Amino acid sequence: MRGRMMTLGLAIPGRSPVHRAPLWAKYLLVVAVAVGAITWREAPVALGLIGLSVVLYAAAGRRVLRHWADPLRYLWWMFAILGVHQWWLATSDGATGFDAVARAVAIIGGMLAALQAARLLLLTTELTVLMDGLGRALRPLRHVGIDPEALSLGVSLMLRSIPAIAASAVEVGDAARARGIGRNPVALAGPVVVSAIDYAHRTGDALAARGLLDRE
């Protein structure tokens, strides 16, 4: 579990066709899947996009394919809540039986397909390549007063913080189980939040030491 959580936000090296695909093609895939899921909100379309994501993960290699189910493994409760909510909205709108379930599958399936497309981009692209491409794509924003390098750096720091915070949560959970506290969310939340704040402070200090932040 620890190893799988540590891959969140990190690339898995490889030489598959998906790894070697140009960055613009990967971004285009993410946009196409998201637009398709939003435009054609039908259960067959959502299931088809999910199937496409499985094929692409397989094409990226077994190491990447092993992580396809991670969102369902760690976020199943969130998808379950959203699915019930969408089913309830459908029944409130007059849908019954299979139609209500199909409408919920269309929404939740589309979300999962878009999430998997974005994860495939992260899993098969080195962070430096990803940030360089993002910086180039954001250059037009200079004309409206936004620094593309600073924005790209912010995204980079966000992605790097995911595995760090996930590792902290695992360590706190291990310590809690060793003390017999188990999975008490109240006991676990405090240390994880403190660790996340400490990580943010250390990151800010490192950036300031390199002259990347203006501190008053």
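# Helix packing, a pocket and a cavity

Tutor: In this predicted model, helix 7 gives the most to the lining of the second largest pocket, with six residues.

Student: Which other helices supply at least two residues of that lining?

Tutor: Besides helix 7 (97-123), helix 4 and helix 6 (70-92) each supply at least two residues of the lining of the second largest pocket.

Student: What is the volume of the second largest pocket, and which residues are the closest to its centre?

Tutor: The volume is about 210 Å³. There are 14 lining residues, and Arg41, Ala102, Arg103, Ala104 and Ala106 are the closest to the centre.

Student: How do the residues of this lining divide by class?

Tutor: The lining of the second largest pocket holds eight nonpolar residues, one polar and five charged. Arg41 and Arg103 are among the lining residues; both fall in the charged class because Arg is counted there.

Student: How do helix 6 and helix 7 pack, and at what angle?

Tutor: Their axes lie 8 Å apart, at an angle of about 145°. The crossing is right-handed. On the helix 6 side, the contact includes Asp70, Phe79, Leu82, Gln86 and Trp87, and on the helix 7 side it includes Arg103, Ile107, Met111, Leu115 and Arg119.

Student: What is the division by class of the contact of helix 6 with helix 7?

Tutor: It comprises 14 nonpolar, four polar and three charged residues. Asp70, Arg103 and Arg119 take part in this contact, and they are charged because Asp and Arg belong to that class.

Student: What makes helix 3 roughly antiparallel to helix 7?

Tutor: Helix 3 and helix 7 pack at about 175°, with their axes 8 Å apart. Angles over 145 degrees count as roughly antiparallel, and helix 3 is therefore roughly antiparallel to helix 7.

Student: Which residues meet between these two helices?

Tutor: From helix 3 they include Leu23, Lys26, Tyr27 and Val30, and from helix 7 they include Gly110, Ala114, Ala118 and Leu121. By class, this contact has 13 nonpolar residues, one polar and one charged.

Student: Why are helix 3 and helix 4 called roughly antiparallel?

Tutor: The axes of helix 3 (residues 23-39) and helix 4 (residues 43-59) come within 10 Å and cross at roughly 160°. That value lies over the 145 degrees required, and the two helices are therefore roughly antiparallel to each other. Helix 3 passes helix 4 in a left-handed crossing. The contact is formed by Leu29, Val33, Gly36 and Ala37 of helix 3 with Val45, Leu49 and Leu56 of helix 4.

Student: How many cavities of 30 Å³ or more does a search of the whole structure find?

Tutor: The search finds one. About 50 Å³ of space lies in the largest cavity. Its lining includes Leu29, Val33, Leu49, Ser53, Leu56, Gln116 and Leu120. Helix 3, helix 4 and helix 7 each give two or more residues to this lining, and the largest share, five residues, comes from helix 4.

Student: How does the lining of the largest cavity divide by class?

Tutor: It has nine nonpolar residues, two polar and no charged.

Note on methods:
Residues are numbered from 1 along each chain as its sequence is written. This is a predicted model: local features need pLDDT of at least 70, side-chain atom pairs count only at pLDDT 80 or more; totals for chains, interfaces and linings use all residues. Side-chain values use heavy atoms; hydrogens and water are left out. Axes are lines fitted to C-alpha atoms, for helices over the stretch in contact, and angles run from 0 to 180 degrees between N-to-C directions. Helices (H or I, at least four residues) and strands (E, at least two) are DSSP runs, numbered from the N terminus. Angles under 35 degrees count as roughly parallel, over 145 as roughly antiparallel, 65 to 115 as roughly perpendicular and the rest as oblique. A crossing is left-handed if the near helix is turned anticlockwise from the far one by less than a right angle, and right-handed if clockwise. Contact means heavy atoms within 4.5 Å. On a 1 Å grid over the protein atoms alone, a cavity is a set of points where a 1.4 Å probe fits but cannot get out, and a pocket is an open set with protein on both sides within 12 Å along at least five of seven lines; lining residues have an atom within 4 Å of a point. Grid points are joined across faces, edges and corners, and a volume is the space filled by probe spheres set on the points.
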